[in-house]
Amino acid sequence: GGVVVVNNHYKAFCPDDHFWRAPVCRHDPTQCILYVTGGDGWNLDVLQRTAAYSIPLGIGVANSWDNYLLVPKTYKTMFFSWTPDDSLLDLNPVNVIYPPYNAYAHSQGDLSSASSRTPLAKITSYDLGYLAPDLFKLLENSAFDIDLIYSLMRTKQETGATPEEVACNWVNNNEARWSEWIPDPTLCIRGFGLYDATTETFSSSRQAATTCKACLPGTYSKLFTDNHGSTYVCEECPAGRQQPAAGEVSCDLCPAGTSKAVKSTEDCAPCRAGYYQNDWGTETCKKCPEGTTTVLLRATQVSDCVCMEGTIDVSTSGTTHCVPCTEGLTCPDGSTVEKLKSGSTEEEKTPEIVSGYFSWMEDPTEVFKCPGTHCPGQRPGTCEGGRLGPTCDECGAGMYWADDECRVCEVSMVAAWIAGPILVVLAMIAAYYVTDDKYTARASLGECASIGTDMMVAFVQQLGILSAVSVPWPATLKNLFEFSSVFVLNLQSLGFSCASSHGVQQYVMSALFFIAVVTTLPCLGYLTQFCSCMRHRGLNWDFYKTICLTGKFLQSGFTTMCNIGLVPFMCFLHPNGRRSILKYPHTFCGSADHGMMQLFGILVLVLSLTHFILCCWASWKAPKWSLASPDRIRGIGFFIGNFRPSSWWFGLVLLARGPLLSLPVVLAPNARGIQLALMLCVLLVSFGWQLWFLPWKAPILNLVDAISTALFLMLLAISLHLEPAISDSLSFLDSFGTFMYFVSLGVIACVSIFALGLVLWQRCSKRELMPSIVNLGQLRDPEEILETLLAVTGRLECKDEKEKEVLMRKMSSSVSAYDLCLVGQALDILIADCELGIVDLDSKMVGRVAAKRVSQMSKKNLANLKPKATVTVIADESKKDEVETVEDPKHDMADMALNEVFERDDCASDFDSVPGEQVLELPKGGVTNS
């Protein structure tokens, strides 16, 4: 009857809704003793004890704190309380004694034994012992009994003092008691160590310590015993161990992938690149096998060791076999053949083929170098635009390259290449009838246009040779150079592969083109001699004009012909050690195809050399042929026709320039810097000769040629800047540049020292010295010049007006422009400096600064100009052996010669020698105008 079931739980039953009655007094409430508790029913375990021990209690729960305190003070009753507490202290409560607390019985629901003592914590901290060890030790040593606490509480009630005042009063009066509670400051607990607060450092002895402090990370708390007992000190973690936390009593082993070599507070260091560690608690890391490294730090296994940057793992088994990456491969750390085949990913940088190189997927480390720009690199086996081959330089059968892709050969393209040879034959026939083989000293407008065309073709051929050098040109220049390469018979962009898909066949056809033309032209000329209709109409070919036409073809195509002949000898090196022909990179040097190409290349070079030798021979004979064999001059008109009579031989310079520009690619096929430097030297020498001799007939042509050559030199300078420097090129350019530096200074120094020596010698010997080296040649004797001038003057005086008019027309139409300018300059010198005429200040002939004039010379210098004169005069043509020598110390040589000339009355015609005139021979080294 003392409980009811509510929601499947037992609940105390209060008949009057206020008190629960014990079984012994449940039927007679007057026999129950009042028992008061508070809160929500503190310590209701007493209900079970009243039944167990027949205690007559009427248990009630006060509805407020005030009523809980009021009821025990008003009525004599039992109540629930705790100690120490001063709320009901004045009632002097006495504890009810129950059997001792039985934990097992309580766990089984038997609450008849006393309840467990419940500590009421007022100062709580889970880590107070670590945060405030002195306070913790003090509290631990303190000894307060319950009677002392009650005594202090009663004092507070009696005096009305505050708790702080009562406590301070007790401390002041009981120092002997509490002084024993104060702990030793050097008695450290686990996790702490001796510490000197003055120096703020940890100590290893009590004498140097003032307190204890939690051990810092990197140290641990170690038990230390001395004469005063045991305490703790903080020590650094030994080698192979670390402690990242504070207040620890031991150090942890260094984990795998780390190490620690010495005793210190530092954490274990991760293994650096190239090292790993698979054990714990080690002092050093293990070095990766030779040639390998680790991609990341803290490697824990030997399998983390991979090939170093610049090498690649070619092993197909589990072991690592690193080999150096060849040119054309980029190999970061950890490169393998499998990664090279799979290509790069966003998550990982993998090895790849460099742009401009190619390798097969079956053997990705065998790298080929692409001279063109059709190898994008990255994954093996990749070509642009559908190209094929190890250098991505050819399209498939029946296809040609156009607009950055391989296209199918069209019928019109094939027909064009079939009709090409026929058109070439017709063009050769037409060229014969439109070609003028006459040599004139002055260039007409038509000749200027023709020579300008020749210069343009030669210039574009030179650009085509430069295009063979693999320089990373900008896109626009690259396209222009590809266009120029057509003029050296690089016909791939014109669909040449439609006529012949194989590179060897294409080369043989190019080589046979020159041999066929040189053979066909004489044959055509020979056949016209048997055609009567052509002979009757004067259309049969002249022998010398046919030679001129053939020579014109060889002259115009000489640069291309030499370049074609040298193509099989331009072998460049692949990174894998093989060599390919630069223009036909799919043909490997040393193969059977290469041997066939070399054979035809030698034939073309023999033809080129033969032409050059014949031109040298013709150049040597040209001055004599111009007087004795005009037809032969017509035959070599292709060679001398573009140049001034005094520079008729300059075609040899242009002929030599073509092969010399192609030769550097043969000598240094793998060093572009050397190629460009040698080309620059060849062009500079040619440019210097051109500026010195001014060989072209018309001044405008010399100006245009100089500008075009200067611009070409600028292109070479730009290409040297764009060319990526390699060790071979740098070594050569360094040596060559040093040589040129000292040679340039040496030449200037030698000339200066030589001139200074001549000055000193002249002053010491008092003799006039003017060696030929100063004037770059031997000067003509002034006496000879004067005699020639007097003879010419006499001949002009003998001409009538009609003859003078004919001479004037000849000078205006036939004499070279440069020769006419030289004559005018000579007249200016005679008039201005020698005072042989009156200077008209308004005349166009006043175009120079007059030197020291004869009238301004001193008497001493004039006396030196009047030596004893000797003039040899031939009085009659039939008496050349009878020579008259006239000496007159009173008259100068000019007066004697003039008197001899003007005493004659009979003047010669234009084509006969003048009687009494000095006999002149043709100066050597010139070609006369026909």
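**Notes on the predicted model**

1. R407 has a relative accessibility of 32% and therefore counts as partly exposed. The model under discussion is predicted. R407 takes part in a salt bridge with E405, in which the closest N and O atoms are 3.2 Å apart.

2. A search of the whole structure gives 12 salt bridges. One of them joins the side chains of E235 and K222, with an N to O distance of 3.5 Å. This pair connects distant parts of the chain, since E235 belongs to strand β11 (residues 229-236) and K222 to strand β10 (residues 219-226), 13 residues apart. E235 is partly exposed, with a relative accessible area of 23%. K222 is also partly exposed, at 35%.

3. A further salt bridge is formed by D542 and R634, whose closest N and O atoms are 3.2 Å apart. Here too the pair links distant parts of the chain: D542 sits in the loop between α15 (532-536) and α16 (543-556), while R634 is in helix α19 (residues 630-635), 92 residues away. D542 has a relative accessible area of 30%, which makes this residue partly exposed.

4. Salt bridges may also be connected to one another. D184, R206 and D226 are linked in such a network.

5. The next topic is a sheet. Strands of a sheet pair through backbone hydrogen bonds, in either a parallel or an antiparallel sense.

6. β4 and β5 run parallel and are joined by five bridges. Strand β4 (residues 33-37) also pairs with β6 in the parallel sense, over two bridges.

7. On the β5 side, V36 stands opposite G60, and in β6 the bridge partner of V36 is F79.

8. Is β5 largely enclosed or left open by the rest of the structure? Four of the five residues of β5 are buried, so this strand is largely enclosed by the rest of the structure.

9. A second open sheet has three strands in the order β8-β7-β9, with antiparallel pairing. β8 (201-202) and β9 (211-214) are at the edges with a single partner strand each, so one side of each has no neighbour in the sheet. Four bridges connect β7 and β9 in the antiparallel sense, and F192 stands opposite A214 in β9.

10. D196 lies in strand β7 (residues 192-196). Why does D196 count as buried? The relative accessible area of D196 is 13%, and a residue is called buried because its value falls under 20%. Apart from neighbours within four places in sequence, D196 is in contact with T201, A208, A209 and T210. The C-alpha atoms of D196 and T211 are separated by 6.4 Å, although these residues are 15 apart along the chain.

11. Strands β1 (residues 3-6) and β2 (residues 9-12) pair in the antiparallel sense over four bridges. V3 stands opposite A12 in β2. Two residues lie between the strands of this hairpin, in which N7 has a positive phi near 55°.

12. The last point concerns the surface. Which residues form a nonpolar patch there? I700, L703, V704, I707, L711 and M714 do so, and together they have about 560 Å² of accessible area. M714 is located in helix α23 (residues 699-722).

How values were computed. Residues are numbered from 1 along each chain as its sequence is written. This is a predicted model: local features need pLDDT of at least 70, side-chain atom pairs count only at pLDDT 80 or more; totals for chains, interfaces and linings use all residues. Side-chain values use heavy atoms; hydrogens and water are left out. Two strands pair if DSSP finds at least two bridges between them. Patches are made of residues with over 30% relative accessible area and no salt bridge: like charges are joined within 9 Å, nonpolar side chains (Val, Leu, Ile, Met, Phe, Trp, Tyr) within 5 Å. Accessible areas come from the Shrake-Rupley method with a 1.4 Å probe; for residues, only the protein chains shown count as cover. A salt bridge is a side-chain nitrogen of Lys or Arg within 4 Å of a carboxyl oxygen of Asp or Glu. Buried means under 20% relative accessible area, exposed over 50%, partly exposed in between (1.4 Å probe, protein chains only). Contact means heavy atoms within 4.5 Å.
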